[in-house]
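This briefing goes through the helix packing, the nonpolar cores and a few individual residues of one structure. Please keep the sequence and the coordinates in view while reading.

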Amino acid sequence: MPIKNLADRWGGVSITLHWLTALMIVGLAVVGLLMQELANSPTKIQVYGLHKSIGLTVLALTVLRLVWRLVAGVPAPVPGTPRWQRWAANASHGALYFILLAMPLSGWLYNSASGFPLKWFGLFSLPKLSGYDAQVKAFALGAHETLFLVLAAIVTVHALAALKHHYVNRDRTLVRMLPLLTPPAPAARDTDPGA
């Protein structure tokens with residue numbers, strides 16, 4: 001597998017960053033939904049700290065992904081992809097990158113406006129984006145929750161579109177990002193037995 005992206009496929013770096021980010025987002029979603037139900041305890045503080053650290057890691061990986069896209073380029077669409085699907089794919093990718101930047105930043109802002117310190121896996125502290133401010137705290141929390149819902153919707157559509165390309169269109173769209181997957185067999189041609 002090539003490291004850099006090629007004209008017809010994603011390279012190893014892009015594939016690794018994509019799936020690592022996806023796994024982290026799933027983990028963040030599960031922990032984010034469950035951690036609010038925990039009783040106040042040292043464990044709850046540790047779980048929140050883990051959530052924040054992984055969120056900051058997603059922020060860093062997203063910046064790295066964007067830089068890598070500039071360096072390595074982007075494969076061309078699979079031949080035969082309609083223009084509207086290319087536009088939809090570009091729009092959804094743009095929205096995903098925006099949310100993957102905005103969501104961790106909104107969490108960071110919420111943490112800052114709440115007056116809590118922020119450490120990345122306990123290794124080093126990050127600066128506050130705001131002093132304690134109840135209005136900023138409420139705005140950041142609302143943004144964080146709204147961005148989560150929008151992210152869930154876009155990721156669902158993104159995954160369904162990839163599955164449609166693989167199982168309905170039978171093209172190489174999904175295989176280019178999941179190279180261990182067997183390429184789809186060509187669709188059977190309708191034949192007229194009377195011809």
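In which segment does Pro-186 lie? Pro-186 lies in the segment after helix H5 (173–177), where helices (H or I, at least four residues) and strands (E, at least two) are DSSP runs, numbered from the N terminus. The model is a predicted one, in which local features need pLDDT of at least 70 and side-chain atom pairs count only at pLDDT 80 or more, whereas totals for chains, interfaces and linings use all residues. Residues are numbered from 1 along each chain as its sequence is written, and side-chain values use heavy atoms, with hydrogens and water left out.

**Helix packing**

- Helix H3 (residues 83–113) packs against helix H4 (residues 134–167) at an angle of about 150 degrees, with the axes 8 Å apart; axes are lines fitted to C-alpha atoms, for helices over the stretch in contact, and angles run from 0 to 180 degrees between N-to-C directions.
- H3 and H4 are therefore roughly antiparallel to each other, given that angles under 35 degrees count as roughly parallel, over 145 as roughly antiparallel, 65 to 115 as roughly perpendicular and the rest as oblique.
- The contact of H3 with H4 is made up of 20 nonpolar, 8 polar and 2 charged residues, with Ala, Val, Leu, Ile, Met, Phe, Trp, Tyr, Cys and Pro counted as nonpolar, Asp, Glu, Lys and Arg as charged, and the others, Gly among them, as polar.
- H2 and H3 pack at an angle of about 145 degrees, and their axes are 9 Å apart.
- Residues of H2 that meet H3 include Lys-52, Leu-56, Thr-62 and Arg-69, and among their partners in H3 are Tyr-97, Leu-100, Trp-108 and Asn-111, where contact means heavy atoms within 4.5 Å.
- The residues of this contact of H2 with H3 divide into 11 nonpolar, 3 polar and 3 charged.

**Nonpolar cores**

- In the largest nonpolar core, which has 14 residues, Ile-25, Val-58, Ile-99, Leu-100, Met-103, Leu-147 and Leu-151 touch the most other members; such a core is a set of buried Ala, Val, Leu, Ile, Met, Phe, Trp, Tyr and Cys residues joined through side-chain atoms within 4.5 Å.
- Helix H1 (12–35), helix H2 (42–72), H3 and H4 each supply at least two residues of this core, and the largest share, 5 residues, comes from H3.
- A second, separate core of 5 residues includes Leu-56, Leu-59, Leu-118 and Leu-126.
- Leu-147 is in contact with Ile-99, Ala-102, Met-103 and Ser-106, leaving aside neighbours within four places in sequence.

- Thr-62, found in helix H2, is buried, with a relative accessible area of 0%; buried means under 20% relative accessible area, exposed over 50%, and partly exposed in between (1.4 Å probe, protein chains only).
- Not counting residues up to four places away in sequence, Thr-62 touches Tyr-97, Leu-100 and Leu-101.
- Asn-111 lies in helix H3 and, at 3% relative accessibility, counts as buried.
- Beyond residues up to four places away in sequence, Asn-111 touches Lys-52, Phe-116, Pro-117 and Leu-118.

- Phe-121, in the loop between strand S1 (119–120) and strand S2 (124–125), has a phi near 50 degrees, a positive value in a residue other than glycine, and is partly exposed at 40% relative accessible area.
- Arg-170, in the loop between H4 and H5, has a positive phi of about 55 degrees although it is not a glycine, and is partly exposed, with a relative accessible area of 36%.
- Pro-186 counts as exposed at 70% relative accessibility, and its C-alpha is 8.8 Å from that of Asn-169, 17 residues apart in sequence.
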